[in-house]
Amino acid sequence: IVADKGQHRHYMAKEIHEQPSVIARALGAWISEDRTRIACAAENVDWARAPRLTIVACGTAYYAAHVAKVWMERVARIPVEIEIASEFRYREPPLPDRGVTMVVSQSGETADTLAALRYAQSRGQITLGLVNVTTSTIAREADVILPIHAGPEIGVASTKAFTAMVFCLSALAVLIARKRGEIGLDEEHGYVELLSTVPRLMSETIALEPQFEALAHDIARSSDTLFLGRGLMYPLALEGALKLKEITYIHAEGYAAGEIKHGPIALVDELTPIIALAPFDGLFDKLASNLREVMGRKGRVALIGDAEASRDLAEEVWRRVEMPAVDPLIAPYIYAVAVQFIAYHAAVAKGTDVDQPRNLAKSVTVE
Ligand code: AGP
(Lines give C-alpha, C1' and ligand atoms only; values in the text may rest on other atoms or scores of the structure.)
Protein backbone atom coordinates (compact mmCIF):
# COMPACT_ATOMS: atom_id res chain seq x y z
CA ILE A 1 0.00 0.00 0.00
CA VAL A 2 1.40 3.41 -0.92
CA ALA A 3 0.80 6.03 1.77
CA ASP A 4 0.20 9.65 0.85
CA LYS A 5 -0.85 12.69 2.84
CA GLY A 6 -4.15 13.20 1.00
CA GLN A 7 -5.39 16.72 1.68
CA HIS A 8 -3.39 16.94 4.91
CA ARG A 9 -0.26 18.94 5.57
CA HIS A 10 1.45 16.16 7.48
CA TYR A 11 1.20 12.40 7.72
CA MET A 12 0.47 12.77 11.42
CA ALA A 13 -2.64 14.87 10.68
CA LYS A 14 -3.81 12.33 8.15
CA GLU A 15 -3.23 9.47 10.56
CA ILE A 16 -5.15 11.20 13.35
CA HIS A 17 -8.10 11.78 11.02
CA GLU A 18 -7.99 8.20 9.74
CA GLN A 19 -8.65 6.70 13.16
CA PRO A 20 -12.42 6.17 12.92
CA SER A 21 -11.95 4.13 9.75
CA VAL A 22 -8.94 2.28 11.19
CA ILE A 23 -10.98 1.26 14.24
CA ALA A 24 -13.93 0.28 12.06
CA ARG A 25 -11.57 -1.96 10.05
CA ALA A 26 -10.08 -3.51 13.19
CA LEU A 27 -13.59 -4.10 14.52
CA GLY A 28 -14.54 -5.90 11.31
CA ALA A 29 -11.46 -8.10 11.59
CA TRP A 30 -11.85 -8.89 15.30
CA ILE A 31 -15.52 -9.84 15.52
CA SER A 32 -17.57 -12.79 14.33
CA GLU A 33 -19.66 -12.54 11.16
CA ASP A 34 -22.87 -12.20 13.17
CA ARG A 35 -21.25 -9.30 15.10
CA THR A 36 -21.95 -10.80 18.51
CA ARG A 37 -18.57 -12.18 19.58
CA ILE A 38 -14.88 -11.44 19.50
CA ALA A 39 -13.02 -13.66 17.07
CA CYS A 40 -9.24 -13.73 16.67
CA ALA A 41 -6.26 -16.08 16.52
CA ALA A 42 -5.84 -15.96 20.32
CA GLU A 43 -8.97 -18.11 20.64
CA ASN A 44 -6.89 -21.29 20.97
CA VAL A 45 -4.72 -20.15 23.87
CA ASP A 46 -5.58 -21.90 27.15
CA TRP A 47 -6.75 -18.70 28.88
CA ALA A 48 -8.70 -20.56 31.55
CA ARG A 49 -5.51 -22.02 32.99
CA ALA A 50 -3.15 -19.12 32.28
CA PRO A 51 -2.05 -17.78 35.67
CA ARG A 52 -0.96 -14.45 34.28
CA LEU A 53 -0.56 -12.35 31.15
CA THR A 54 2.68 -10.42 30.77
CA ILE A 55 2.65 -7.60 28.20
CA VAL A 56 5.96 -6.15 27.02
CA ALA A 57 6.44 -3.12 24.77
CA CYS A 58 8.21 0.24 24.32
CA GLY A 59 7.03 3.84 24.14
CA THR A 60 3.51 4.38 22.91
CA ALA A 61 2.95 0.63 22.58
CA TYR A 62 3.78 0.36 26.29
CA TYR A 63 1.12 2.94 27.10
CA ALA A 64 -1.37 0.94 25.02
CA ALA A 65 -0.44 -2.04 27.20
CA HIS A 66 -1.05 0.12 30.25
CA VAL A 67 -4.61 0.83 29.09
CA ALA A 68 -5.02 -2.88 28.36
CA LYS A 69 -3.99 -3.82 31.89
CA VAL A 70 -7.01 -1.94 33.23
CA TRP A 71 -9.37 -3.54 30.69
CA MET A 72 -7.97 -7.05 31.22
CA GLU A 73 -8.10 -6.86 35.00
CA ARG A 74 -11.57 -5.34 35.08
CA VAL A 75 -13.27 -7.31 32.31
CA ALA A 76 -11.34 -10.60 32.22
CA ARG A 77 -10.16 -10.69 35.87
CA ILE A 78 -6.76 -12.02 34.74
CA PRO A 79 -3.63 -10.80 36.54
CA VAL A 80 -1.58 -8.67 34.13
CA GLU A 81 1.99 -7.43 34.39
CA ILE A 82 3.19 -4.76 32.00
CA GLU A 83 6.86 -4.30 31.30
CA ILE A 84 9.10 -1.88 29.43
CA ALA A 85 10.97 -4.08 26.95
CA SER A 86 14.39 -2.50 27.52
CA GLU A 87 14.25 -3.48 31.22
CA PHE A 88 12.39 -6.78 31.05
CA ARG A 89 14.93 -9.44 30.15
CA TYR A 90 17.85 -7.96 32.03
CA ARG A 91 16.07 -8.64 35.32
CA GLU A 92 15.65 -12.25 34.23
CA PRO A 93 12.16 -12.28 35.73
CA PRO A 94 10.64 -15.65 36.61
CA LEU A 95 7.65 -16.36 34.36
CA PRO A 96 4.91 -18.72 35.51
CA ASP A 97 4.15 -22.16 34.07
CA ARG A 98 1.47 -21.90 31.37
CA GLY A 99 2.03 -18.14 31.41
CA VAL A 100 1.27 -16.08 28.34
CA THR A 101 3.54 -13.25 27.20
CA MET A 102 2.39 -10.76 24.60
CA VAL A 103 4.66 -8.26 22.89
CA VAL A 104 3.08 -5.18 21.34
CA SER A 105 4.81 -3.33 18.51
CA GLN A 106 3.65 -1.23 15.59
CA SER A 107 6.73 -1.98 13.50
CA GLY A 108 7.32 -5.49 14.79
CA GLU A 109 11.04 -4.69 14.57
CA THR A 110 11.82 -2.87 17.83
CA ALA A 111 15.04 -4.53 19.05
CA ASP A 112 14.20 -4.55 22.77
CA THR A 113 10.69 -5.87 22.16
CA LEU A 114 11.99 -8.62 19.89
CA ALA A 115 14.57 -9.59 22.53
CA ALA A 116 11.78 -9.69 25.14
CA LEU A 117 9.81 -12.06 22.90
CA ARG A 118 12.83 -14.33 22.58
CA TYR A 119 13.41 -14.24 26.34
CA ALA A 120 9.78 -15.25 27.00
CA GLN A 121 10.08 -18.10 24.51
CA SER A 122 13.28 -19.30 26.17
CA ARG A 123 11.30 -19.46 29.44
CA GLY A 124 8.57 -21.65 27.94
CA GLN A 125 5.90 -18.98 27.63
CA ILE A 126 3.19 -19.03 24.99
CA THR A 127 3.85 -15.87 23.01
CA LEU A 128 1.54 -13.52 21.20
CA GLY A 129 2.70 -10.72 18.90
CA LEU A 130 0.30 -7.79 18.51
CA VAL A 131 1.75 -5.93 15.52
CA ASN A 132 0.85 -3.61 12.69
CA VAL A 133 3.44 -4.88 10.22
CA THR A 134 2.53 -8.51 9.66
CA THR A 135 5.67 -9.27 7.67
CA SER A 136 7.90 -8.16 10.56
CA THR A 137 10.34 -10.23 12.59
CA ILE A 138 8.06 -10.24 15.65
CA ALA A 139 5.16 -11.46 13.50
CA ARG A 140 7.38 -14.27 12.19
CA GLU A 141 8.67 -15.37 15.57
CA ALA A 142 5.65 -15.10 17.89
CA ASP A 143 3.54 -18.25 18.38
CA VAL A 144 0.35 -16.33 17.58
CA ILE A 145 0.18 -13.15 15.45
CA LEU A 146 -2.52 -10.63 16.19
CA PRO A 147 -2.67 -7.89 13.52
CA ILE A 148 -3.98 -4.43 14.50
CA HIS A 149 -4.93 -3.46 10.92
CA ALA A 150 -3.87 0.20 11.26
CA GLY A 151 -2.37 0.41 7.76
CA PRO A 152 1.03 2.06 7.14
CA GLU A 153 1.92 4.62 9.80
CA ILE A 154 4.47 7.13 8.50
CA GLY A 155 4.56 9.88 11.16
CA VAL A 156 7.22 9.08 13.75
CA ALA A 157 4.74 10.03 16.47
CA SER A 158 2.42 7.07 16.68
CA THR A 159 -1.30 7.90 16.59
CA LYS A 160 -3.55 5.46 14.77
CA ALA A 161 -1.37 2.50 15.77
CA PHE A 162 -1.88 3.47 19.43
CA THR A 163 -5.67 3.52 19.23
CA ALA A 164 -5.72 0.39 17.07
CA MET A 165 -3.54 -1.41 19.64
CA VAL A 166 -5.81 -0.29 22.46
CA PHE A 167 -8.81 -1.42 20.45
CA CYS A 168 -7.47 -4.91 19.74
CA LEU A 169 -6.32 -5.28 23.34
CA SER A 170 -9.81 -4.33 24.57
CA ALA A 171 -11.31 -6.90 22.23
CA LEU A 172 -8.81 -9.47 23.47
CA ALA A 173 -9.81 -8.69 27.07
CA VAL A 174 -13.41 -9.55 26.17
CA LEU A 175 -12.35 -12.81 24.52
CA ILE A 176 -10.24 -13.75 27.57
CA ALA A 177 -13.18 -12.90 29.85
CA ARG A 178 -15.39 -15.34 27.95
CA LYS A 179 -12.71 -18.04 27.97
CA ARG A 180 -12.23 -17.65 31.71
CA GLY A 181 -15.96 -17.82 32.34
CA GLU A 182 -16.12 -14.23 33.62
CA ILE A 183 -18.80 -13.15 31.15
CA GLY A 184 -21.63 -14.87 29.29
CA LEU A 185 -22.61 -14.46 25.65
CA ASP A 186 -25.01 -11.59 26.38
CA GLU A 187 -22.33 -9.61 28.15
CA GLU A 188 -19.90 -10.34 25.35
CA HIS A 189 -22.44 -9.03 22.86
CA GLY A 190 -22.80 -5.93 25.05
CA TYR A 191 -19.04 -5.31 24.88
CA VAL A 192 -19.05 -5.79 21.10
CA GLU A 193 -21.82 -3.18 20.86
CA LEU A 194 -19.89 -0.83 23.11
CA LEU A 195 -16.74 -1.22 21.00
CA SER A 196 -18.84 -0.66 17.86
CA THR A 197 -19.62 2.87 19.05
CA VAL A 198 -15.94 3.86 19.09
CA PRO A 199 -15.55 5.00 15.44
CA ARG A 200 -18.54 7.38 15.70
CA LEU A 201 -17.33 8.82 19.01
CA MET A 202 -13.85 9.34 17.59
CA SER A 203 -15.36 11.20 14.62
CA GLU A 204 -17.28 13.46 17.03
CA THR A 205 -14.02 14.19 18.86
CA ILE A 206 -12.17 14.87 15.61
CA ALA A 207 -14.83 17.52 14.89
CA LEU A 208 -13.55 19.38 17.98
CA GLU A 209 -10.16 19.95 16.31
CA PRO A 210 -10.43 23.78 16.20
CA GLN A 211 -10.81 23.83 19.99
CA PHE A 212 -7.75 21.65 20.51
CA GLU A 213 -5.86 23.84 18.06
CA ALA A 214 -6.71 27.00 20.03
CA LEU A 215 -5.55 25.36 23.26
CA ALA A 216 -2.40 24.07 21.56
CA HIS A 217 -1.42 27.64 20.64
CA ASP A 218 -1.23 28.46 24.35
CA ILE A 219 0.59 25.23 25.13
CA ALA A 220 3.14 25.99 22.40
CA ARG A 221 4.29 29.06 24.35
CA SER A 222 5.14 27.06 27.49
CA SER A 223 8.42 25.36 28.28
CA ASP A 224 6.89 22.74 30.60
CA THR A 225 3.48 21.05 30.62
CA LEU A 226 1.88 18.55 32.98
CA PHE A 227 -0.74 15.99 31.91
CA LEU A 228 -2.87 14.56 34.71
CA GLY A 229 -5.35 11.71 34.76
CA ARG A 230 -6.54 8.86 36.95
CA GLY A 231 -7.50 5.26 36.19
CA LEU A 232 -7.70 4.74 32.44
CA MET A 233 -6.68 8.37 31.96
CA TYR A 234 -3.32 7.86 33.67
CA PRO A 235 -1.78 6.05 30.67
CA LEU A 236 -3.40 8.67 28.43
CA ALA A 237 -1.63 11.37 30.46
CA LEU A 238 1.65 9.53 29.87
CA GLU A 239 0.88 9.22 26.17
CA GLY A 240 -0.06 12.91 25.92
CA ALA A 241 3.22 13.93 27.53
CA LEU A 242 5.21 11.62 25.23
CA LYS A 243 3.51 13.00 22.10
CA LEU A 244 4.13 16.59 23.16
CA LYS A 245 7.81 15.95 23.98
CA GLU A 246 8.42 14.04 20.77
CA ILE A 247 7.21 16.60 18.29
CA THR A 248 7.32 20.00 20.07
CA TYR A 249 10.42 19.48 22.26
CA ILE A 250 8.44 21.00 25.14
CA HIS A 251 9.26 19.29 28.40
CA ALA A 252 6.15 17.40 29.51
CA GLU A 253 5.32 14.97 32.28
CA GLY A 254 2.35 12.67 32.63
CA TYR A 255 1.23 11.88 36.16
CA ALA A 256 -1.43 9.94 37.99
CA ALA A 257 -3.28 12.93 39.45
CA GLY A 258 -3.37 11.47 42.96
CA GLU A 259 0.42 11.21 42.94
CA ILE A 260 1.27 14.87 42.35
CA LYS A 261 1.04 15.75 46.03
CA HIS A 262 4.00 13.43 46.55
CA GLY A 263 6.37 15.70 44.65
CA PRO A 264 5.37 17.14 41.29
CA ILE A 265 3.01 19.71 42.83
CA ALA A 266 6.20 21.62 43.65
CA LEU A 267 6.48 22.32 39.90
CA VAL A 268 3.11 24.05 39.77
CA ASP A 269 3.19 27.76 39.01
CA GLU A 270 1.30 30.18 36.76
CA LEU A 271 3.58 29.38 33.79
CA THR A 272 3.07 25.61 33.58
CA PRO A 273 -0.13 24.53 31.83
CA ILE A 274 -1.76 21.49 33.38
CA ILE A 275 -3.84 19.41 31.01
CA ALA A 276 -6.41 17.43 32.98
CA LEU A 277 -8.02 14.43 31.28
CA ALA A 278 -11.33 14.38 33.06
CA PRO A 279 -14.17 12.13 31.91
CA PHE A 280 -16.99 12.08 34.44
CA ASP A 281 -16.20 8.60 35.75
CA GLY A 282 -15.99 6.95 39.17
CA LEU A 283 -12.74 8.77 39.89
CA PHE A 284 -13.89 12.23 38.84
CA ASP A 285 -14.46 13.59 42.37
CA LYS A 286 -10.97 12.53 43.40
CA LEU A 287 -9.51 14.11 40.28
CA ALA A 288 -11.45 17.33 40.90
CA SER A 289 -9.99 17.59 44.38
CA ASN A 290 -6.47 17.04 42.98
CA LEU A 291 -7.13 19.80 40.44
CA ARG A 292 -8.38 22.18 43.13
CA GLU A 293 -5.12 21.63 45.03
CA VAL A 294 -3.24 22.60 41.89
CA MET A 295 -5.41 25.64 41.15
CA GLY A 296 -4.99 26.75 44.77
CA ARG A 297 -1.28 27.07 43.92
CA LYS A 298 -1.88 29.26 40.87
CA GLY A 299 -1.83 26.27 38.48
CA ARG A 300 -3.52 26.92 35.10
CA VAL A 301 -5.72 23.93 34.39
CA ALA A 302 -6.95 23.07 30.89
CA LEU A 303 -9.88 20.76 31.49
CA ILE A 304 -10.54 18.16 28.81
CA GLY A 305 -13.77 16.66 30.08
CA ASP A 306 -17.41 15.96 29.32
CA ALA A 307 -20.36 18.19 30.22
CA GLU A 308 -20.77 16.76 33.71
CA ALA A 309 -17.10 17.28 34.50
CA SER A 310 -17.25 20.80 33.09
CA ARG A 311 -20.32 21.65 35.14
CA ASP A 312 -18.34 21.05 38.31
CA LEU A 313 -15.14 22.85 37.40
CA ALA A 314 -15.99 25.27 34.55
CA GLU A 315 -15.80 28.40 36.68
CA GLU A 316 -12.42 27.59 38.13
CA VAL A 317 -10.36 26.35 35.20
CA TRP A 318 -8.16 28.30 32.77
CA ARG A 319 -9.28 26.60 29.53
CA ARG A 320 -11.78 23.92 28.74
CA VAL A 321 -12.72 21.62 25.86
CA GLU A 322 -16.01 19.77 26.23
CA MET A 323 -15.73 16.15 25.18
CA PRO A 324 -18.53 13.71 24.23
CA ALA A 325 -19.89 11.85 27.27
CA VAL A 326 -18.95 8.18 26.92
CA ASP A 327 -18.82 4.95 28.88
CA PRO A 328 -15.59 5.33 30.92
CA LEU A 329 -14.19 2.08 29.49
CA ILE A 330 -14.00 3.54 26.00
CA ALA A 331 -12.90 7.03 27.05
CA PRO A 332 -9.24 6.24 26.12
CA TYR A 333 -10.11 6.35 22.40
CA ILE A 334 -11.47 9.86 22.40
CA TYR A 335 -8.99 11.28 24.91
CA ALA A 336 -6.22 9.86 22.70
CA VAL A 337 -7.54 12.04 19.87
CA ALA A 338 -7.49 15.04 22.22
CA VAL A 339 -3.86 14.65 23.27
CA GLN A 340 -2.79 13.89 19.70
CA PHE A 341 -4.35 17.11 18.40
CA ILE A 342 -2.86 19.17 21.23
CA ALA A 343 0.64 17.87 20.43
CA TYR A 344 0.14 18.15 16.68
CA HIS A 345 -1.12 21.75 16.66
CA ALA A 346 1.47 22.85 19.23
CA ALA A 347 4.16 21.44 16.93
CA VAL A 348 2.68 23.18 13.89
CA ALA A 349 2.54 26.45 15.87
CA LYS A 350 6.20 26.03 16.83
CA GLY A 351 7.22 25.11 13.30
CA THR A 352 8.97 21.87 14.22
CA ASP A 353 9.30 18.93 11.84
CA VAL A 354 6.08 17.14 12.78
CA ASP A 355 6.54 13.91 10.87
CA GLN A 356 10.28 13.56 11.34
CA PRO A 357 11.23 14.99 14.75
CA ARG A 358 14.89 15.38 15.61
CA ASN A 359 16.82 12.44 17.05
CA LEU A 360 14.01 9.96 16.47
CA ALA A 361 13.44 7.06 14.06
CA LYS A 362 10.15 5.36 13.26
CA SER A 363 11.50 2.00 14.17
CA VAL A 364 14.17 1.57 16.87
CA THR A 365 16.26 -1.41 15.84
CA VAL A 366 19.15 -0.79 18.23
CA GLU A 367 19.15 -1.74 21.90
C1 AGP B 1 5.63 6.82 19.63
O2 AGP B 1 5.11 8.06 19.30
C3 AGP B 1 7.07 6.65 19.44
N4 AGP B 1 7.57 7.06 18.20
C5 AGP B 1 7.70 5.43 20.06
O6 AGP B 1 7.54 5.55 21.45
C7 AGP B 1 7.23 4.03 19.61
O8 AGP B 1 5.92 3.82 20.05
C9 AGP B 1 8.19 2.97 20.16
O10 AGP B 1 9.47 3.19 19.62
C11 AGP B 1 7.72 1.56 19.90
O12 AGP B 1 7.67 1.28 18.54
P13 AGP B 1 6.98 -0.04 18.02
O14 AGP B 1 5.53 0.05 18.37
O15 AGP B 1 7.23 -0.04 16.55
O16 AGP B 1 7.63 -1.19 18.72
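**Questions on a predicted model**

Biologist: Is Arg98 buried, exposed or partly exposed?
Modeller: This is a predicted model, in which local features need pLDDT of at least 70, side-chain atom pairs count only at pLDDT 80 or more, and totals for chains, interfaces and linings use all residues. Residues are numbered from 1 along each chain as its sequence is written. A residue is buried if 20 or more other C-beta atoms, placed from the backbone, lie within 10 Å of its own, exposed if 12 or fewer, and partly exposed in between. Arg98 has 14 other C-beta atoms within 10 Å, so the class is partly exposed.

Biologist: What is the phi of Arg98?
Modeller: Arg98 lies in the loop between helix 4 (85-88) and strand 3, where helices (H or I, at least four residues) and strands (E, at least two) are DSSP runs numbered from the N terminus. Most residues other than glycine have a negative phi. Arg98 is not a glycine, yet its phi is positive, at about 60°.

Biologist: Where is Lys298 placed?
Modeller: Lys298 has 11 C-beta neighbours inside 10 Å and therefore counts as exposed. Its phi is also positive, near 70°. Its place is the loop between helix 12 (284-295) and strand 9 (300-305).

Biologist: Which strands stand at the edges of the open sheet of five strands?
Modeller: The order is 2-1-3-4-5, with parallel pairing; two strands pair if DSSP finds at least two bridges between them. A strand with a single partner has one side left without a neighbour in the sheet, so the edges are strand 2 (80-84) and strand 5 (144-147).

Biologist: Which residue of strand 4 is the bridge partner of Thr101?
Modeller: Strand 3 (residues 100-105) and strand 4 (residues 126-131) pair in the parallel sense over six bridges. The partner of Thr101 is Thr127.

Biologist: What angle does the direction of helix 3 make with that of strand 2?
Modeller: Helix 3 (residues 59-76) packs on the sheet and touches strand 1 (53-57), strand 2 and strand 3, contact being C-beta atoms, placed from the backbone, within 7 Å. Axes are lines fitted to C-alpha atoms, for helices over the stretch in contact, and angles run from 0 to 180 degrees between N-to-C directions. With strand 2, the angle is about 175°.

Biologist: How are helix 7 and helix 14 oriented to each other?
Modeller: Helix 7 (residues 160-179) and helix 14 (residues 331-350) pack at about 175°, with their axes 10 Å apart. Angles under 35 degrees count as roughly parallel, over 145 as roughly antiparallel, 65 to 115 as roughly perpendicular and the rest as oblique. The two helices are therefore roughly antiparallel.

Key: Two residues are in contact if their C-beta atoms, placed from the backbone, lie within 7 Å.
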